[in-house]
Amino acid sequence: MLFNWRIFAANHQKISSLHMKNICCCQRTKGLKSQTALRRSYSSLPGTGVVGNDIKSLRSIINPPAAKIRNIGIMAHIDAGKTTTTERILYYSGYTRSLGDVDDGDTVTDFMAQERERGITIQSAAVTCDWKGYRVNLIDTPGHVDFTLEVERCLRVLDGAVAVFDASAGVEAQTLTVWRQADKHNIPRICFLNKMDKTGASFSYAVESIREKLKANPLLLQLPIGEAKTFKGMVDVVNKEKLLWNPNSDDGKEFERKPLLEVSDPELLKETTEARNALIEQVADLDDEFADLVLGEFSENFDLLPAEKLQAAIHRVTVAQTAVPVLCGSALRNKGIQPLLDAVTLYLPSPEERSCEFLQWYEGDLCALAFKVLHDQHRGPLVFMRIYSGSLKPQSAVHNINGNCTERISRLLLPFADQHVEIPSLTAGNIALTVGCKQTATGDTIVSSKSSALAAARRAERDGAEIPRHDHEAQRLLLAGVEVPEPVFFCTIEPPSVAKQPDLDHALKCLQREDPSLKVKLDPDSGQTVLCGMGELHIEIIHDRIKREYGLETYLGPLQVAYRETILNAVRATDTLDRTLGDKRHLVTAELEANPVETSSVRPVIEYAQDVSEDLLKVSREAIENGIHGACLQGPLLGFPVQDVAITLHSLRVHPGTSTTMISACVSRCVQKALKKAEKQVLEPLMSLEVAVAEDHLSPVLADLAQRRGNIQEIQARHDNKVVIGLVPLAEMMGYSTVLRTLTSGSATFALELSNYQAMNPQDQQALLNRRSGLA
C-alpha cells in the first residue's frame, strides 16, 4: 500500500489525467435526466497535490498534524444548497475534475439512487480533501426532518460546522432544529448566506433573521456586491478587498482580488471601512486580549490594525461561540466558495482546540467513537469512527466497551463518499472508515483493550471525576452516545412469501444497524412485522432500499400514527401471583399506586414507599423496575406506550425461594390492573408546521389547515411571501404535500417537526377508539 502512494505522488501529473480505476473512479448513474452511465473522474487524492515541484511527504499525506485538521459538517434547512456547496468545495480543492449538479444527479456525496432521483440528501456522506495545507474532513448532512438523526450523530463527532442559509429565506424551520443540535454539542459555526443571486435575496434580511431567530451574534466578514440578478462578487471586510468573479468563466475557479481604492470605488470603500470599524468594535467587546490591543496601539486609527490580528481574534470568539462569522456567495454560480474554505481553515477549531475531558485519563491510548455504520454488499459492515486519542492500524484488535467484546479491524480506509482509499494508519483528530467490525453499532466507544479502559476508569476515579456508574467497571468511561428520537409513524411490512421472511429479517437487521431511528418490532397479536420510522418519507425510503439493495418486493400496510396514552387520576391496585412449578412454590403479593405527573416523562417515574424493605429492594429492584417498564409499553386503551405516570410501590411480600421472574410478572400485572382502573387519555403527536406561501394562495391554505384541526400561532412576512407558523396533529397531515401543491399550484413549501404530545379532545378520542374497534 505504501508503495502505491509513492508511485501516485511521483507520477501525479500523468495520473491526474487518467481515470483511476479502483481508487478514485466509480460508475455514476444520472438521476432524472438520463439513465446512461457516467464516469466521474477525480483528479487526485487528498494530500497528494504537488506544490510547484515539491512532493509532500508520505506522513503528511496520511497523517497531517492535528493543528492542520478541520472536521466540519455542512448543515441547513432542506434545499438551502448544502450538497451544491460541498460539490464546489471538492472541485476547488482539486478532489474532482468536473462540477457535480444535484439536478443532473451526478454529485459525489449524494450517491444513493434515492438521493439522485429525489434531489435530496438522505444519508450523511463523509469526504476528505485538502485546502492550502489543511486536511478538511467534510460531512454533508441531510436537511429533511425525517433524517434528523443523521445530523445529530454527525454533529456529535465534529469540531466545527458551516450553516448554509438561503439568502432569500433567512432562518427556516429546519435551520432552527440543526442550530439547536449544534448548540447541544457546543459546536462553533460559520454562516454562509447562499443563493445571493436568487430573486428576492437580501443580505440584510438574512443577517437580521440570524440575529433575531437564532439569538446569535453575527460578524459580517463580507458584504455582497449587488444582490439577486446584479450579484457579481463580494467585499472582504477584514482585508478591505473586493472579490470579483469572471462572468464568462464556466467553473468560477478564477477570480480577481483587488484592494479597494478611493479613486475607483469611493462609495464601496467608505461602506467597507465603516463595516470594518464596526467589526473591530464588536470583536473587541467579546475578546479582552483584542480589546487591549485595539485600545492601546491602534486606538487612534483602526485602519492600521493588521488583518492577521483581527483574524486571530475572530478565531478566538468563534471557538468560544460568542459570535458567528457571516460570509456570502452563490454555490450554484460558483461564487464565494474559495473564501469560505479560507474561513474554515482560519476560524473553525482544530481537534486540539476542542476540550475533551476524558482524554487525559487515556494517556495517549486509543479512544474512538463509532458514529455511523454502513452495509456494503461486498465488504460487510463499514464503521465510521472519530479518533479522539491514540491511533488506529489495520489488522489490530480493539475493544468495544458498550458491547463488551473484542473486534478485529481488517482494513483502514479514508472516506470519499462511496469511494474509499486504503491507508496504513490514522492518528488522533481524524475520521476513519474501518472494515471488519461485526458487532459495533452507532454510539459505541472503542478502545485499544479492556485493560486500558479499566486503567482509564481508575485514573478518572482517582482524580475525583464525576462519571456515571455502570455494572461493569470498564463501562464507566463510555463516550456520550447519540440520542435516538422516538418514531412517530409505523406500518406493517410483509415479504412476498413466507420463504422470504428470513431474507427480510436480515435486511431489516442491517438497515436498523445503519439507522438507529428505524425501529422494527413484532406485533404479538397478529405476528406481523411492524416498521416504525420518523415520517412518511423515511418509511418510503426504507421500503425502496429493501427492494433495490436486497432484491425483495415487500408490501407495506397503511401508515399509522404512533399515539401515546396516560392516566388522569391516581389509582391503587393489589395483585397476588401464586404458582407452583415442580416442587417449588412462587408466591408474590404487590401493592402499588399509579399517579399522573405534570412534567412530560416518556418512561414511568418509579418511587418506593418507606415500608418497602431495603434488603428486599437490593435483591429485587431490577425485577420490579423491569416489570413496571414492561407493563407501561402497552396501554389499556389502544396498546400504545404509557407516559407521564409515576408508579409508587407501597408493599411487596415475597415467599422464600420465589424467582425474580415471578416478582417481575406480578408487578407488571399489578401495574396493568391499576392502569385499567384509572381514567384514561390518548395523547397524539403534535407537529410544528411552517408553510411559506404567496399572498394570493394564503386564504385556501389557512382554510385547509383549519379543517385539519390546526392552531395558527403567527403569520410572518418574508419578502413577497407569507410564512404561516402553527401546530397541527400529525394524524391530519397524511398526504399534505400533495394537497398543498394542488392548492398553491406547486408554489408553496412546508416543513414539519415533532413538537410534543398533547391530549386529544373527548370527541376525537372517541372517534379514534371507534375506528380502531371497527365501529366506524
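Two strands are said to pair if DSSP finds at least two bridges between them. Helices (H or I, at least four residues) and strands (E, at least two) are DSSP runs, numbered from the N terminus. With that convention, strand β37 (residues 711-718) and strand β38 pair in the antiparallel sense over 7 bridges.

Colleagues, the model is a predicted one, in which local features need pLDDT of at least 70 and side-chain atom pairs count only at pLDDT 80 or more, while totals for chains, interfaces and linings use all residues. Residues are numbered from 1 along each chain as its sequence is written, and side-chain values use heavy atoms, with hydrogens and water left out.

Let me stay with β38. How many residues of β38 (residues 721-729) are buried? The count is 7 of the 9, so the strand is largely enclosed by the rest of the structure. Buried here means under 20% relative accessible area, exposed means over 50%, and partly exposed lies in between (1.4 Å probe, protein chains only).

I turn to a second sheet. It is open, with 4 strands in the order β11-β12-β13-β14 and antiparallel pairing. At its edges stand β11 (222-225) and β14 (255-259), each with a single partner strand, so one side of each has no neighbour in the sheet. From one strand to the next, the twist averages 25°. Inside the sheet, β12 (residues 233-236) and β13 (residues 241-245) pair in the antiparallel sense over 4 bridges, and Gly-233 stands opposite Leu-244 in β13. Helix α12 lies across β11, β13 and β14, running at about 135° to β13. Such axes are lines fitted to C-alpha atoms, for helices over the stretch in contact, and angles run from 0 to 180 degrees between N-to-C directions.

Next, the helix pairs. Helix α12 (residues 337-347) also packs with helix α4 (residues 82-92), at an angle of about 85° and with the axes 10 Å apart. That makes α4 roughly perpendicular to α12; angles under 35 degrees count as roughly parallel, over 145 as roughly antiparallel, 65 to 115 as roughly perpendicular and the rest as oblique. Thr-85, Arg-88, Ile-89 and Tyr-92 in α4 meet Ile-337, Gln-338, Leu-340 and Leu-341 in α12, where contact means heavy atoms within 4.5 Å.

For helix α9 (residues 266-286) and helix α11 (residues 307-319), the axes come within 10 Å and cross at roughly 50°. The two helices are therefore oblique to each other. From α9, Arg-276, Leu-279, Ile-280, Val-283 and Leu-286 meet Ala-307, Leu-310, Ala-313, Ile-314 and Val-317 of α11.

Finally, two individual residues. Is Thr-96 buried or exposed? Thr-96 is buried, at a relative accessible area of 2%, and lies in the loop between α4 and α5 (113-118). Thr-96 and Cys-129 are 33 residues apart in sequence and 9.9 Å apart in space, C-alpha to C-alpha. Pro-700, in helix α19 (residues 698-707), counts as partly exposed at 32% relative accessibility. Between Pro-700 and Thr-744 there are 8.3 Å in space, C-alpha to C-alpha, and they are 44 residues apart in sequence.
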